[in-house]
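Subject: Structure handover

Hello,

Here is the structure I promised you. Please open it and keep it beside this email as you read.

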Amino acid sequence: MGISLRSRWVFLPLILALGALSLYILRLSLVHEGQPVPENPAPPEKKGPIYKEVQREIAPPLPEYFPLAAKAKSPADLPPIPSWNKPPEVHVPESTRLYIGFTRFWPLLQQVVVSYITAGWPPEDIYVIENTGTMDANKRGLLTIQNPFYLDYQRLTKLFGVNIITTSSLQTFAQLQNLYLSEAINNNLTHYFWSHMDVAVHPHEDKEDFKSLYMRAVDVVRETQQPDYLLDKETGEKGKWGQQFFAYDWLTMVNVETFANIGGWDTMVGYYGTDCDMYNRLSMNDYQQPIQDAGMIYDVTTSLEDLEILYRRRPKSEKRIRDSSDSKPDNSSANSSNSAYLDSTEPDTRNSTRFHTLKATLEQIQQDKRDDKYRNSWQLRQNGGEGEPYYYDPDGFEKALQMTIEVGTKINEEKWGHKGCDIKKAGVKEGDQWKVEHDETFDKRKVRRRWF
């Protein structure tokens with residue numbers, strides 16, 4: 001049976017489509033004719049991270065700022081504390097626990113600890129809070145001295161005789177303050193002291209009514225415990241105190257009950273500005289913050305070249321050295337690894353020329369810090385430790401820290417609707433937190449960030 005004319009027209013579109021496809025294939029073959037075909041075509045390029053150009057200069061090795069301690073095998077190998085600063089043989093009845101927080105730069109921690117000990121503070125009352133985020137790495141001696149988070153655990157505990165509490169993770173400044181408060185509460189303390197690690201302390205040796213820095217601090221404790229302390233004789237009302245300042249908060253005595261009553265430190269404001277928040281809240285709640293004087297407290301950025309100077313020794317004359325060598329040896333130093341030093345020196349006298357030299361040196365170090373555009377530049381002097389436990393890139397740590405500081409500052413500004421540390425003077429009161437609109441300090445032309 002033949003195909004009808006009508007059925008033939010049905011196949012026409014199919015025929016035309018096949019023809020067009022054939023022409024397209026023929027055209028492609030003519031276009032690529034004569035072009036070589038690669039034997040091993042390259043795989044498509046994969047996209048990856050673009051790395052920053054990092055030009056980091058490795059800081060030179062830190063010097064040993066206390067050679068005598070480096071050679072010492074026991075506390076007996078260290079010089080004795082200056083006689084005029086020695087704490088009582090029997091501990092005073094008052095509690096004098098002192099917390100010192102540490103995160104970076106071992107030389108300053110060592111200096112502040114030695115300065116408190118040589119100023120009379122009993123080593124057993126000093127608690128270093130190791131806030132490095134490196135767990136037990138320092139205790140096990142796994143970090144090198146070029147690691148920013150390094151500290152000499154054995155020297156602090158075995159040689160200097162102080163205590164160490166290691167945080168489970170890196171804490172902000174505000175969190176660290178609440179840790180002090182928590183430790184005090186758990187140990188049933190009514191008060192405690194805390195100190196910055198970037199300070200050095202020394203008693204007023206040139207005062208006629210001399211007392212060691214430690215005993216002056218004890219006097220303040222005793223003063224606050226008197227029944228008539230802060231008593232207004234006219235009204236009979238007894239004032240309340242929150243903390244005692246020694247050179248602002250470089251050394252501070254804290255009233256545990258007071259700090260607990262106002263809720264401790266605001267951990268949302270981690271660093272700069274958290275002191276403004278806390279101290280203003282104390283004032284808003286009518287807690288006084290008296291200023292006291294226990295001694296000279298210096299805000300420093302580096303360590304003395306040799307901490308031996310804090311022990312106040314002076315060289316013996318040649319005759320005295322010969323006389324001492326002819327006499328019966330002192331058993332306390334005969335077997336000492338530093339016996340030659342101890343035998344060739346003798347105790348200095350209070351308010352001597354060496355004291356005034358030390359005082360001038362510390363004053364200059366403090367002035368250098370004030371003149372430094374970035375007053376905490378000491379935190380950047382170590383950038384090693386790569387490959388060691390819990391390593392954190394030093395540049396990244398500093399950048400993250402500054403970002404965290406900035407966020408905390410903004411939180412505090414939003415909390416009070418005010419920029420600056422003069423929060424109470426702005427008219428706000430306890431209970432106004434997070435309830436007030438921005439005031440005129442948010443005009444960028446007027447803002448002054450007083451805590452930087």
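Predicted model: local features only at pLDDT ≥ 70, side-chain atom pairs only at ≥ 80, totals over all residues.

**The loop**

Start with the loop between β7 (243-246) and β8 (251-255), where A247 is found. Phi of A247 is near 60°. That is a positive value, and A247 is a residue other than glycine. Is A247 buried, partly exposed or exposed? Its relative accessible area is 31%. Buried means under 20% and exposed means over 50%, so A247 counts as partly exposed.

Now go to Y248, which is also in the loop between β7 and β8. Y248 is not a glycine either, yet its phi is positive, at about 50°. The relative accessibility of Y248 is 40%, so Y248 is partly exposed too.

**The helix pair**

Next, find helix α9 (residues 274-284) and helix α14 (residues 394-416). Their axes come within 12 Å. They cross at roughly 25°. Angles under 35 degrees count as roughly parallel, so α9 is roughly parallel to α14.

Which residues meet here? On the α9 side they are D277, R281 and M284. On the α14 side they are N412, K415 and W416. Sorted by class, the contact of α9 with α14 has three charged residues, two nonpolar and one polar.

Best wishes

Conventions
Residues numbered from 1 in each chain as written. Heavy atoms only, no water. Helix = DSSP H or I, 4+ residues; strand = E, 2+ residues; numbered from the N terminus. Buried < 20%, exposed > 50% of the residue type's maximum accessible area, 1.4 Å probe, protein only. Axes fitted to C-alpha atoms, helices over the stretch in contact; angles between N-to-C directions. Parallel < 35°, antiparallel > 145°, perpendicular 65-115°, else oblique. Contact = heavy atoms within 4.5 Å. Nonpolar A, V, L, I, M, F, W, Y, C, P; charged D, E, K, R; others polar.
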